[in-house]
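Hello,

Here is the structure to look through. My notes on it follow below.

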Amino acid sequence: MFHKSKLFFWTCEVLILTIIFYIWGSMGSLISPFVSVLNTIILPFLIAGFLYYITNPIVEFLEKKFHLNRILGILLTLVTLFGLIIYGIVYILPILINQLTSLINSTQGLYWEVQSFVTKLSKNPAFQSINIQSTIQQLNLSYVDILQNILNSVTNSLGSVVSTIVNTLFILVMTPIFLVYFLIDGKKLLPMLERTILKNDRRNITSLLVSLNQTVSRYISGISIDALIIGTLAFIGYSFIGLKYALVFAIFSALANLIPYIGPTIGLIPMVVTYAFTDFNMMVKAVIFMLIVQQIDGNILYPRIVGGVMKVHPITIMVLLLLSSNIYGVIGMIVAIPVYSIGKEIVKFLAALYESHKKTQKQRKQEEFGIINKS
């Protein structure tokens, strides 16, 4: 009976995931050239795929509601999308840069605020046995020192800077190209497979592909809408309570919300770090407001927008986020759950096929045995 236990299933699932990622990491130098090439291609591919699942519903809406030609609908959607991006660059980016600059300048004094707090804390009888101030000084939390270390590392690795610039330009060029091809040919892929590879689809693979596509589409469009709502509510709330740098913190909260399960908590970190020692009361107000927003999101918005599309246990989610972040960083954390869910559905489909095959073979043997007995 133990093999049917959910605890046993989750344990095996976590162990298999850990082993797979460990083997991937251990192969290191052997596969690093292939990984480098894959990373160069996969990032614009993933970004274009993400944008495809956001823009494709708009294109289909224009087709069905206004009877627009698909090419015209794609053109109109892309013009609107890139128009919003240009608007953001021209009007919002300067505000964002201004707030970021002001935030960096204001937080340069954070180190001294921490030191003052530690000095008061060290006078407390409960902490006199611990040399807290010396420990903090050893951590070297000065913003100037941190920035100096970053500049030194950049100077010492000019080749990596050039490589980063080239990769960024490659992503900026290839992402729109991939997106256009996805929007034009995305609907043609399944019919093409049905005419060629899946011409005699006895295993009903077509239904699996349709289900996977719908699941990923609902998930990506759902979390994008949810993140947009959270970012908007955060900006309105932060501005209302008089929080400085509201736009910066709101955008970070929206982007962090794309990461499942732990994203909303990560979204609070910059604001908490900035205001914990400078304006504690303001921090408390902002945290309380965001906790209310998160409760509304977790109990009302997220279940309605995303729903139970990705049925993954929280333990599995945490393991996936930890392991995927070590390989592909933030992008890995965002795509880990849908990729895992796709793999899980494929494995379940193959397992069902195998069970069906075994059942058919057993039935045939029983029929043959019955025929021999009759003779």
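**What was found**

Over residues 314-340 the chain is 100% helix and 0% strand, and the end C-alpha atoms lie 13 Å apart. Helices here are DSSP runs of H or I with at least four residues, strands are runs of E with at least two, and both are numbered from the N terminus.

Before going on, two notes on the source. This is a predicted model, in which local features need pLDDT of at least 70 and side-chain atom pairs count only at pLDDT 80 or more, while totals for chains, interfaces and linings use all residues. Residues are numbered from 1 along each chain as its sequence is written, and side-chain values use heavy atoms, with hydrogens and water left out.

**Overall**

The chain has twelve helices and zero strands. Of its 375 residues, 28% count as buried. Buried means under 20% relative accessible area, exposed means over 50%, and partly exposed is in between (1.4 Å probe, protein chains only).

An unreviewed UniProt entry carries the annotation "transmembrane region". The positions use the numbering given here, feature names are shortened, and annotations may be inferred rather than shown by experiment. One of these stretches, 258-277, is 65% helix and 0% strand. Its end C-alpha atoms are 28 Å apart.

Where does helix H10 bend? H10 covers residues 263-275 and bends by about 30 degrees at Ile269. A proline, Pro270, follows within four residues. The bend is the angle between axes fitted to the seven residues ending at a residue and the seven starting there. The buried residues of H10 are Gly263, Gly267, Leu268, Met271, Thr274 and Tyr275.

A search of the whole structure finds one cavity of 30 Å³ or more. The largest cavity holds about 40 Å³ of space. A cavity is a set of points, on a 1 Å grid over the protein atoms alone, where a 1.4 Å probe fits but cannot get out; lining residues have an atom within 4 Å of a point. Points are joined across faces, edges and corners, and the volume is the space filled by probe spheres set on them.

Ile230, Ser253, Asn257, Gly263, Pro264, Gly267, Leu268, Met290 and Gln294 line the largest cavity. H10 and helix H11 (280-305) are the elements that give two or more residues to this lining. H10 gives the most, with four residues. The lining divides into four nonpolar, five polar and no charged residues. Ala, Val, Leu, Ile, Met, Phe, Trp, Tyr, Cys and Pro count as nonpolar, Asp, Glu, Lys and Arg as charged, and the others, Gly among them, as polar.

**Single residues**

His67 lies in the loop between helix H2 (32-66) and H3. His67 has a positive phi of about 55 degrees although it is not a glycine. His67 counts as exposed because its relative accessibility is 67%.

Tyr245 sits in the loop between H8 and helix H9 (246-256). Its phi is also positive, near 60 degrees. Is Tyr245 buried or exposed? Tyr245 is buried, because its relative accessible area is 10%.

Thr77 lies in helix H3 (residues 70-107). Thr77 counts as buried, at 6% relative accessibility.

Best wishes

How values were computed: On a 1 Å grid over the protein atoms alone, a cavity is a set of points where a 1.4 Å probe fits but cannot get out, and a pocket is an open set with protein on both sides within 12 Å along at least five of seven lines; lining residues have an atom within 4 Å of a point.
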